[in-house]
Amino acid sequence: MGGLSGRGGSGLSLLIALLVLASACIGQRGEELTGVIIKVVDGDTVYVRLDNGTVEKVRLVGVDTPELEPAGMYPGEYDGIKNITCLVEWGFRAKEFAEEWLEGKRVILVLDPLQPKRDRYGRLLAYVYVDGVDFNAELVKRGLARVYVEGSFEKKGEYLRYQREAVKRELGLWACG
């Protein structure tokens, strides 16, 4: 009697559908870690004390804020902007913004399944979420970072839309051109 027919089969079908949906969502979001930001290095690099007590240097996925020193910049890196002095100023502004938004805050780090877990310098690569807000995206929306187009990541299309709007409105570093 019980089997997969009738009401029991309907419930089983629903359960299977929910499990498939849940696994799809997990795959899209990537591995998550939680912790507290203990230091901001610059606009796109932070130190996080994870809940397990370890400290990780984290490089934000998909974004690139201007360097704090002119020597670290190269012409054309920011869509042809040649005013390096202006870009460095926006690098400092990006760092200040990160300090205000992140230092001492509890965050969720989300790893992107299209990216390696670490970059060539050993930094953990992650999206940083504060109170449910994608901080990486906020940098791009406010003109404090360019989209790091050199690699593949899940949010690339979304971030490029934010960047086009920031460029159009000449927000932040996009006023340097």
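Analyst: A residue is called buried when its relative accessible area is under 20%, and exposed when it is over 50%. The model is predicted. Go ahead.

User: What share of the 177 residues in the protein chain is buried?

Analyst: The cut-off for buried is under 20% relative accessible area. Applied to the 177 residues of the protein chain, it gives a buried share of 41%.

User: In what order do helices and strands follow each other in the protein chain?

Analyst: The protein chain has 4 helices and 8 strands. Read along the sequence, their pattern is α-β-β-β-β-α-β-β-β-α-β-α.

User: What percentage of the contacts with a separation of 6 or more joins residues 24 or more positions apart?

Analyst: Contact here means heavy atoms within 4.5 Å. Among contacts in the protein chain with a separation of 6 or more, the share from residues 24 or more positions apart is 60%.

User: How much of the accessible surface belongs to carbon and sulfur atoms?

Analyst: The accessible surface of the protein chain comes to about 9,800 Å². Of this, carbon and sulfur atoms hold 55%.

User: Are C86 and C176 buried or exposed?

Analyst: C86 has a relative accessible area of 16%. For C176 the value is 8%. The cut-off is under 20%, so C86 and C176 are both buried.

User: Which residues lie closest to the centre of the largest pocket?

Analyst: About 590 Å³ of space lies in the largest pocket. It is lined by 27 residues. The closest to its centre are R59, D64, D119, R123 and Y148.

User: How many charged residues are in the lining of the largest pocket?

Analyst: Three strands, β1 (32–42), β3 (55–60) and β4 (63–64), each supply at least two residues of this lining. By class, the lining has 10 nonpolar and 6 polar residues. Its charged residues number 11.

User: Which residues is L144 in contact with, leaving aside its neighbours within four places in sequence?

Analyst: L144 lies in the loop between α3 (135–141) and β8 (146–147). At 5% relative accessibility, L144 is buried. From G91, 53 residues away in sequence, the C-alpha distance is 7.4 Å. The contacts of L144 are T65, P66, W90, R93, A94, F97, L139 and L173.

User: Where is D79 found, and is it buried or exposed?

Analyst: D79 has a positive phi of about 50°, although it is not a glycine. Its place is the loop between β4 and α2. With a relative accessible area of 58%, D79 is exposed.

User: What is the phi of E170?

Analyst: E170 is found in the segment after α4. Its relative accessible area is 54%, so E170 is exposed. E170 is not a glycine, yet its phi is positive, at about 55°.

User: How far apart are the C-alpha atoms of G132 and I108?

Analyst: G132 is found in the loop between β6 (124–130) and β7 (133–134). At 66% relative accessibility, G132 is exposed. I108 is 24 residues away along the chain, and the C-alpha atoms are separated by 8.3 Å.

Conventions. Residues are numbered from 1 along each chain as its sequence is written. This is a predicted model: local features need pLDDT of at least 70, side-chain atom pairs count only at pLDDT 80 or more; totals for chains, interfaces and linings use all residues. Side-chain values use heavy atoms; hydrogens and water are left out. Buried means under 20% relative accessible area, exposed over 50%, partly exposed in between (1.4 Å probe, protein chains only). On a 1 Å grid over the protein atoms alone, a cavity is a set of points where a 1.4 Å probe fits but cannot get out, and a pocket is an open set with protein on both sides within 12 Å along at least five of seven lines; lining residues have an atom within 4 Å of a point. Grid points are joined across faces, edges and corners, and a volume is the space filled by probe spheres set on the points. Ala, Val, Leu, Ile, Met, Phe, Trp, Tyr, Cys and Pro count as nonpolar, Asp, Glu, Lys and Arg as charged, and the others, Gly among them, as polar. Accessible areas come from the Shrake-Rupley method with a 1.4 Å probe; for residues, only the protein chains shown count as cover.
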